[in-house]
Amino acid sequence: MTATRLLRTATRAALPALPLLAAAYAAPVLSTYGPLRNRVMPRLAGRGRPDHVALTFDDGPDPLSTPLFLRLLDERRVRATFFLLGNQAVRAPGLVREIAAAGHEIAVHGWLHRPLLLRGPRATHDDLARARDTVGDLTGRTPRLFRPPYGVMSTAAHLAARRLDLTPVLWTAWGEDWRARATPESVHRTVTADLRGGGTILLHDSDCTSAPGSWRATLGAVPRILDTCAMRGLSVGPLREHAVDPL
């Protein structure tokens, strides 16, 4: 049998398996569905102590908006977890160090804010490794937590995270604060509607992937969210203080 015929035979044999392989690669995308994730994947959802809420921010750092969040959190004596984008971090290295120096937890959101489901294993690994190493070099401490862009995981993302000693963490409540029509009231209302003790809140301290200026709605909502948590008897802090078993 010639090499060409061998190739054709092998291709025909492999074709029926392609849908199964694609399904296996994309299967983790099911965790994007919040109610399912919160119910059957508590660790991935960021479930923690029932008397505590984890406050997290994605997409920074941004020299325009992030300092305002840092000032507010300092005034309220609250620490949070910041999931930083690598390409944003290299543009504002001093701000990355400022976040860490203020006592906040530093985690990674990847290098570029692109869906990992559309990337192969090598590209996924390289993206996470570059973000982890860059942020680690800037802060002097290797990040341990990772949140994928858009909250969409893939098999390659899980494998890369394991090799890089990164723990994926999503969320249980968000504010839909990336929308152009978001307001402090809408962000607060959306977060607190799904918020329970042990939950993890997703907000954004940057509009680099959101509607321009949307971070202002988030900034206005944070004090209201903190007040609501206090009224419910819930303490607020970073993910490192959140889990029953440390992440």
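Helices (H or I, at least four residues) and strands (E, at least two) are DSSP runs, numbered from the N terminus. By that rule, the chain has eleven helices and eight strands.

The model is predicted: local features need pLDDT of at least 70 and side-chain atom pairs count only at pLDDT 80 or more, while totals for chains, interfaces and linings use all residues. Residues are numbered from 1 along each chain as its sequence is written, and side-chain values use heavy atoms, with hydrogens and water left out.

**Exercise 1. Classify the ring pair of Phe57 and Phe82, and say which parts of the chain the pair ties together.**

Step 1. Start with the rule: rings of Phe, Tyr and Trp (its six-membered ring) pair if their centres lie within 6.5 Å; planes under 30 degrees apart count as stacked, over 60 as edge-to-face and the rest as tilted. A search of the whole structure finds four aromatic pairs.

Step 2. Now apply the rule. The ring centres of Phe57 and Phe82 are 5.2 Å apart and the planes stand at 20°, so this pair is stacked.

Step 3. Phe57 belongs to strand S1 (residues 52-58) and Phe82 to strand S2 (residues 81-84), so the pair ties together parts that are 25 residues apart in sequence.

Step 4. Check the surroundings. Buried means under 20% relative accessible area, exposed over 50%, and partly exposed in between (1.4 Å probe, protein chains only). Phe57 has 0% and is buried; Phe82, also at 0%, counts as buried. Ring pairs link Phe57, Phe69 and Phe82 into a cluster.

**Exercise 2. Is His109 buried or exposed, and which side chains share polar contacts with His109?**

Step 1. His109 sits in the loop between strand S3 (105-108) and helix H8 (121-139). With a relative accessible area of 1%, His109 is buried.

Step 2. A polar contact is a pair of N or O atoms within 3.5 Å; within protein, one must be able to donate a hydrogen and the other to accept it, and residues adjacent in sequence count only if both atoms are side-chain atoms. The His109 side chain has such contacts with the side chains of Asp59, at 3.2 Å, and His113, at 3.3 Å.

**Exercise 3. Find the backbone features at Pro61, Arg77 and Tyr150.**

Step 1. Most residues other than glycine have a negative phi, and most peptide bonds are trans.

Step 2. A cis peptide bond joins Gly60 and Pro61, with omega about 0°. Pro61 is in the loop between S1 and helix H5 (66-76).

Step 3. Arg77 has a positive phi, near 55°, in the loop between H5 and S2. Arg77 is exposed, at 77% relative accessible area.

Step 4. Tyr150 has a positive phi of about 65° and is partly exposed, at 48%.
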